[in-house]
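Subject: Structure handover

Hello,

Please find the structure below, with the sequence alongside. My notes on what was found in it follow.

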Amino acid sequence: MPPPAIFEVLADAEQAPPRCVLEEEYGAALLLSADRIAVNFVSTIDGVVSYGLGSGDSAAVGGGVPADRLLMAMLRAVAGVIVVGVGTVRVAGKHQWTPATLAPHRADDLSALRVAAGLPVTPAPLLAVSGSKDSLPDVAAVTTPQTPFGVLTPAPPQRRVDIATILEAARALGGGGPILCEGGPHLFGSLLADPDPNPTPLDLFLTVAPQLAGRGTGRLSLVEGVALPPFARAGRLRSVRRAGEHLLLRYAVDAAP
C-alpha cells in the first residue's frame, strides 16, 4: 500500500503539468514568474509568524510539519534569488538558505526540480537587506555560506533601502530569475507598501498552522511596520492544499484596481 500523499490538493488554479517527482507529489508544476515576487511564511491561525525564539522560531510557529518544510525547500529550488531581512539572518544560527537544508532526504529530487525549472545547479544566492543600524550577524549563512551571499544597506541618511533598489539588486544577483522573499514581516511590509503607482505583484505562499498564539512581547504578525489602507493590496486565492490540519495557501497579491 503506497504511503499517504504529503499534499492533499483541495483547489488549484495552476494548470501546468508536473515536470518531476516532487511536482507530481505537489500536484502541479510549481511555477514562479520573474515579473512577480514570491513570498513564503508560516503563521498561526491568528496571524503570528514569530514567537521571538531565534533559530527554532519557524518550527515553533508551524510545528515543523513535513509538508511545510518540503514546500519551503521546493520554493528555494525554483527561485533565482532569495531575499531576507538582516533580522531574519540574525536569528538563523547554523541555518543555510539551501533547499536541502529543509529536506535533506530529498536533496536529489530538489536538484532535479531546480534543473526542471531551467535554473543553475548551484543553489540560489542569498541577498540580505539591512537597515541603517543593522550589522551583519556572526551566523553560518554569513561566515561559512553555502550559497553566494550579498548584502544591501541604505545610503545615508536613509533608514531603509527602497523597494526599487532591492528589486534591482536581487535581479542582478539572481541573473533575472524569480525572486523569493522569506521575510521577515518588516521586509514584507515594505514590499506591500511600495509607493510605486504600479507596484510589483506578489505571490504569497502562506502555511496556516492549527494553533492560536495571541499577542505578547516579541511576537510578530505577518505584516509589520506599515498600516495599509483597506484592500490596498488585495489577494486572489490561487491554490489550497492540506496536510493534516495545516492549510497551504497561495495568493496572488496585486494592487487594488
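Start with Gly-184, which is placed in the loop between β7 (179–181) and α9 (185–192). Helices here are DSSP runs of H or I with at least four residues, strands are runs of E with at least two, and both are numbered from the N terminus. The peptide bond that leads from Gly-183 into Gly-184 is cis, with omega near 10°.

Some background on the model before the rest. It is a predicted model, in which local features need pLDDT of at least 70 and side-chain atom pairs count only at pLDDT 80 or more, while totals for chains, interfaces and linings use all residues. Residues are numbered from 1 along each chain as its sequence is written, and side-chain values use heavy atoms, with hydrogens and water left out.

Helix α9

In α9, 7 of the 8 residues are buried, so the helix is mostly covered. Buried means under 20% relative accessible area, exposed means over 50%, and partly exposed is in between, with a 1.4 Å probe and protein chains only. The buried residues of α9 are Pro-185, Leu-187, Phe-188, Gly-189, Ser-190, Leu-191 and Leu-192.

Helices α3 and α6

Two packed helices are described by the angle between their axes and the distance between the axes. For α3 (residues 66–77) and α6 (residues 107–116), the axes come within 8 Å and cross at roughly 40°. The axes are lines fitted to C-alpha atoms, for helices over the stretch in contact, and the angles run from 0 to 180 degrees between N-to-C directions. The crossing of α3 and α6 is right-handed, a term used if the near helix is turned clockwise from the far one by less than a right angle.

On the α3 side, Ala-73, Met-74, Arg-76 and Ala-77 make the contact, and on the α6 side Leu-110, Leu-113 and Arg-114 do. Contact means heavy atoms within 4.5 Å. By class, the contact of α3 with α6 has 5 nonpolar, no polar and 2 charged residues. Ala, Val, Leu, Ile, Met, Phe, Trp, Tyr, Cys and Pro count as nonpolar, Asp, Glu, Lys and Arg as charged, and the others, Gly among them, as polar.

Nonpolar cores

A nonpolar core is a set of buried Ala, Val, Leu, Ile, Met, Phe, Trp, Tyr and Cys residues joined through side-chain atoms within 4.5 Å. The largest one has 36 residues, and those with the most contacts inside it are Phe-7, Leu-30, Met-74, Ile-82 and Trp-97. Two or more residues each come from α1 (21–26), α3, β4 (81–85), α4 (86–90), α6 and β5 (126–129). The largest share, 8 residues, is from α3.

Apart from residues up to four places away in sequence, Met-74 touches Phe-7, Leu-22, Glu-23, Tyr-26, Leu-30, Leu-110 and Leu-113. A second, separate core has 28 residues, including Val-39, Val-161, Ala-170 and Cys-181.

Single residues

Ser-130 is in the loop between β5 and α7 (140–143) and is buried, at 5% relative accessible area. Setting aside residues up to four places away in sequence, Ser-130 touches Val-86, Val-151, Leu-152, Thr-153, Pro-154 and Val-161. Ser-130 and Val-84 are 46 residues apart in sequence, with their C-alpha atoms 9.0 Å apart.

Gly-47, in the loop between β2 (37–43) and β3 (48–50), is buried at 19%. Beyond its neighbours within four places in sequence, Gly-47 is in contact with Arg-215, Leu-220, Ser-221 and Leu-222.

Phe-231 lies in the loop between β9 (220–221) and β10 (233–243) and is exposed, with a relative accessible area of 69%. Most residues other than glycine have a negative phi, and most peptide bonds are trans. Phi of Phe-231 is positive, near 60°.

Tyr-251 belongs to strand β11 (residues 246–255) and counts as partly exposed, at 25% relative accessibility. Its C-alpha atom is 9.1 Å from that of Ala-234, 17 residues away along the chain.

Regards
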